[in-house]
Amino acid sequence: MSYSRLADNPNLTLRVPDSPPDDIPPEIKMEKEYGKLTSDKWLYTSKHQVGTPLPTPIEDDPPYFIVILTYLNYLVVIIIGHIRDYFGMRFQKKSFEAFLPKDGYPPWYSAFESFYSRRLKARLDDCFARPIHGVPGRTIKCYDRYTDDYNNTFYYDGESTECLNLSSYNYLGFAQSVGSCTDDSIAALNEYGVSACGPVNISSFTDLHSKTERILADFIGKDDALLFSMGYGTNAHLFTSLVNKKCLIISDSLNHGSIRFGVRLSGASVKVFPHNDMDALERILIDAISQGQPKSHRPWNKILICVEGLYSMEGTFCNLPKLVELREKYKFYLFVDEAHSIGALGPNGKGVCDYFSIDPKNVDILMGTLTKSFGAAGGYVAASQDIIDRLRIDITTNTYGENMPPTKDYKELLLIQDI
């Protein structure tokens, strides 16, 4: 929208408007949020045929022409950005006060530090990072907004556009505004309040948390489970309670950032194998077992393999049958992140073990989040009783962090029972 049109419109505001009243009937609202399956021809059960090798996934690479053209365009934008900064700091100093020394004080930002957000990301903000309202179902409502200064400032007129939603984790449609999920959450809200109000190991562990952990462990097929208030925080602080500098972690090259962060925080030695390359993994295992720890060459206290059940960016599965085979052969510990596979894979929705028809006892630690298929919040770790008992003692996430809101626990408890 041009500046003149912005100036002539008295309804525009810099503040994101409140959500407009929604008078859609519940039946239509449910259909918009998550439609029913109307034809059996789209019904599919995700299951791997036991004994057949896992097919090599096809990863499409763009043509060299597209790659080169993309990098050239990227280079042009960078060059133009540096030229504008160079002349702007000399001839438009008022617009660059935050990047220039003033009254003996250094600048707030260096030009390089903020270059990406100003000259690259800001050009995309009109397409992305748009405020929304309503339930993230099949469709989603994006607020209409306008700018007259190259996305530095956005104006809102209170209107919104309904768009097809391809970005939410709401795999099974449980994050709905009408229906049993909402009713159960409201019931728990009235009885337990809006917050756990304290660290897990001190004051915020309720009967709902205990029941949810028990039902979750039974659903997954492990001895016990431990809940966390945040999925990222589950991985980020898990490994410090499992390994130390005398242990080795072997990680898939495409593991999630939370796993990589938690592994670095643990202080353990780390080796990385190419994504899903079981031959490379076995070579690393043989070398690690034969050579032992650096310098001393003593055996590793523990060797832990970290993979994901379903890789969200690539859409590929871990080769769990081969990993279990290697585990039996080399006696290492196996950690599987099921953030995107639990609830969505397998004939019974029990994740990657269910998909490959593998006993969960063959995986030492199964981690997952409740934000994807279950449409709630938080994460969990399911494992044997001795591992869970060890984690309950000192894992920093639950020692210093607040527990999941009781409303989320109640919702999860009923959902898992239904599944």
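Student: How far does the backbone oxygen of A122 lie from a polar atom of the side chain of N151?
Tutor: This is a predicted model: local features need pLDDT of at least 70 and side-chain atom pairs count only at pLDDT 80 or more, while totals for chains, interfaces and linings use all residues. Residues are numbered from 1 along each chain as its sequence is written, and side-chain values use heavy atoms, with hydrogens and water left out. A polar contact is a pair of N or O atoms within 3.5 Å; within protein, one must be able to donate a hydrogen and the other to accept it, and residues adjacent in sequence count only if both atoms are side-chain atoms. From the backbone oxygen of A122 to the polar side-chain atom of N151 the distance is 2.8 Å.

Student: Is N151 buried or exposed?
Tutor: N151 sits in the loop between β2 and β3; helices (H or I, at least four residues) and strands (E, at least two) are DSSP runs, numbered from the N terminus. Buried means under 20% relative accessible area, exposed over 50%, and partly exposed in between (1.4 Å probe, protein chains only). The relative accessible area of N151 is 12%, so N151 is buried.

Student: Over how many bridges do β2 and β3 pair?
Tutor: Strand β2 covers residues 139-146 and pairs with β3 in the antiparallel sense. C142 stands opposite T161 in β3. The number of bridges between β2 and β3 is seven.

Student: Where is I395 found, and which residues does I395 touch beyond four places away in sequence?
Tutor: I395 is in the loop between α12 (385-394) and α13 (396-400). Its relative accessible area is 0%, so I395 is buried. Contact means heavy atoms within 4.5 Å. Beyond four places away in sequence, I395 touches L226, F228, H237, L238 and S241.

Student: How many Å separate the C-alpha atoms of I395 and S241?
Tutor: I395 and S241 are 154 residues apart along the chain. Their C-alpha atoms are separated by 5.9 Å.

Student: What arc do the buried residues of helix α8 cover around the axis?
Tutor: In α8 (residues 257-266), S258, I259, G262, V263 and S266 are buried. The arc is that of the directions from the helix axis to the C-beta atoms. These residues are on the same side of α8, because they cover an arc of only 130°.

Student: Which elements do the buried residues of α8 pack against?
Tutor: Just after α8, G267 takes a positive phi of about 85°. The buried residues of the helix itself pack against α7 (231-238), β5 (248-252), β6 (269-273), β7 (303-308) and β8 (333-337).

Student: Which helix do the buried residues of α3 pack against?
Tutor: Helix α3 (residues 64-91) has 28 residues, of which G81, D85, G88 and M89 are buried. These buried residues pack against α4 (111-124).

Student: Is A129 buried or exposed?
Tutor: A129 lies in the loop between α4 and β1. Its phi is near 55°, a positive value in a residue other than glycine. With 60% relative accessibility, A129 is exposed.

Key
Pairing = 2+ DSSP bridges. Expected span 1.5 Å × (residues − 1).
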